[in-house]
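The sequence and model come first.

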Amino acid sequence: MPFNDDWDFYWIVKAQHDGRLDFGVFYAQHNEHRILWPNLVMFGLASISNWDIRVQLAFSLFVAALTFVLLALMIRHTMTGPDGTGRERGLRWWQFTAMFLTSVIVFAPTAVQNWLWGWQIEWFMSVAGIVLAVWALGSWRTAQPWKQVLVAVLGATLATFSLGGGLLVWVVGLPLFAFARRLWRWSLVWVAAAAIEIKLYYTDYFDMGGESPLHVILTQPVGLARYGAVYLTRVLMGPFDQHRSNVLALGLVLLLMVSVGYVLLRHRSQFVTLVPWLCIGLVATGSAVVTGAARLVYGYHQAFSSRYTTISLLFVVAILVISTKAAQLAWTPAPSDQADAPEPDADAEPAPAGAGVAVAVATAVPVKARPSVVTRTAQVVPALGILTMMLAYAQCHGAVMQDMDGFSSYQHRAQDCARTASSPADGCLLLLYPVQDMAWERLEFMRSIGWVVPRSR
């Protein structure tokens, strides 16, 4: 049953009923966002289902599944061997491990509001657009680079006009051009598309008021960091715990530094495979900063809202994959040096008698070198970090199930109200929308067109 922001969809349905439905109705600003694509999708789904919210929930799950497929393709591109190939049988195990861990996070029930609230389709669509853009620029390989840029622009457009945070993709996409020489000549296309869409986004845009985000960032950096810690670790948290969020966030950052540092130190040529994941993580971090700058006034607990999980989990996914990549490189033996051994010199003096036997014995029984401290650290630290994340995830399961039960119960009570309310004075209307009179007006209209069927008490 629709509730809260779902009832803002009333304006689109009312415009259609009054014969004044046009592009501007779909493009209209909603809070800080331009939710053009979600509005179009919700209108289409509502039209064929008489506004059955379960259809929207199914669509959200479908979009989340597509997002996971794109992430899996990125993982396949990332999990290559030291020689840059991914054909070795052992690498499939690493790919499967990274994909499994990613699926656990992407479909985490922690995002309970988004899984059970039809309006939250916008979060899934925006994240899908972000991942599509990053995959196209950083992981997809095609003979025509312009195809990569075109698909990336389409993904960025989907992200931008699904949720305000989608604007960040235009910024984090720039490093992907910097690390791909074949895309350099197309970078101006990306910049031009970004300028056009940002201009369109803020045309006739009205400020929501409140303290300037830039002022919050400059004057409250510590508070913003604490807000961000809660925001970015939400998918691993059960009950709200500021101290635990701080520790988890610090641990994740240290794990990221160790993993990236090892790749740069020992396998620098493989660093380029990490760039898409760093960009994915930057999107989540940027979203935490932007949201915190606007919402810090409501306290740190506001960052714990489960609706933020769908985008903030990209931070955890990025660190999971980067850590797995570092561990894979640390545990995978480097290609044999024998393949690069120099050819024997024809003019060299013949070896002394018995030297051939000595060489043969040395070749047949190679001395196994012990891993260095750096390599051993890269073998152990990522494994411990990933294990810690999974334990934190498992520990929050009980609290998440309670949240889901509570949210589901709230929705059922809202459903009963929508079907039984008989006047604008009925107090249960506040379950549907924060303003009682507006809730009654919208409920009455939806009843008149048969999209909400009333029943007697």
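Which helices each supply at least two residues of the lining of the largest cavity? They are α4 (53-78), α7 (121-138) and α16 (309-331), where helices are DSSP runs of H or I with at least four residues, numbered from the N terminus. This is a predicted model, in which local features need pLDDT of at least 70, side-chain atom pairs count only at pLDDT 80 or more, and totals for chains, interfaces and linings use all residues. Residues are numbered from 1 along each chain as its sequence is written, and side-chain values use heavy atoms, with hydrogens and water left out.

**Cavities**
- A cavity is a set of points, on a 1 Å grid over the protein atoms alone, where a 1.4 Å probe fits but cannot get out; lining residues have an atom within 4 Å of a point.
- Two cavities of 30 Å³ or more are counted, with volume taken as the space filled by probe spheres set on the points, which are joined across faces, edges and corners.
- The largest cavity has a volume of about 70 Å³.
- Its lining consists of Ala 64, Thr 67, Leu 71, Val 106, Phe 124, Val 127, Thr 310, Leu 313 and Leu 314.
- By class, that lining has seven nonpolar, two polar and no charged residues (nonpolar: Ala, Val, Leu, Ile, Met, Phe, Trp, Tyr, Cys and Pro; charged: Asp, Glu, Lys and Arg; polar: the others, Gly among them).
- The second largest cavity has a volume of about 60 Å³.
- Leu 137, Gly 138, Arg 141, Leu 176, Phe 179, Ala 180, Val 272, Val 275 and Pro 276 line the second largest cavity, and α7 and α15 (275-295) each give two or more residues to this lining.
- The lining of the second largest cavity has seven nonpolar, one polar and one charged residues.

**Thr 67**
- Thr 67 lies in helix α4.
- Thr 67 is buried, with a relative accessible area of 5% (buried means under 20%, with a 1.4 Å probe and protein chains only).
- Not counting residues up to four places away in sequence, Thr 67 touches Phe 124, Val 127, Ala 128 and Val 131; contact means heavy atoms within 4.5 Å.

**Helices α16 and α18**
- α16 packs with α18 (residues 373-395) at an angle of about 145 degrees, their axes 8 Å apart; axes are lines fitted to C-alpha atoms over the stretch in contact, and angles run from 0 to 180 degrees between N-to-C directions.
- Contact residues include Val 316, Ile 319 and Trp 331 of α16 and Thr 375, Arg 376 and Met 390 of α18.
- The residues of this contact divide into 12 nonpolar, four polar and one charged.

How values were computed: On a 1 Å grid over the protein atoms alone, a cavity is a set of points where a 1.4 Å probe fits but cannot get out, and a pocket is an open set with protein on both sides within 12 Å along at least five of seven lines; lining residues have an atom within 4 Å of a point. Buried means under 20% relative accessible area, exposed over 50%, partly exposed in between (1.4 Å probe, protein chains only).
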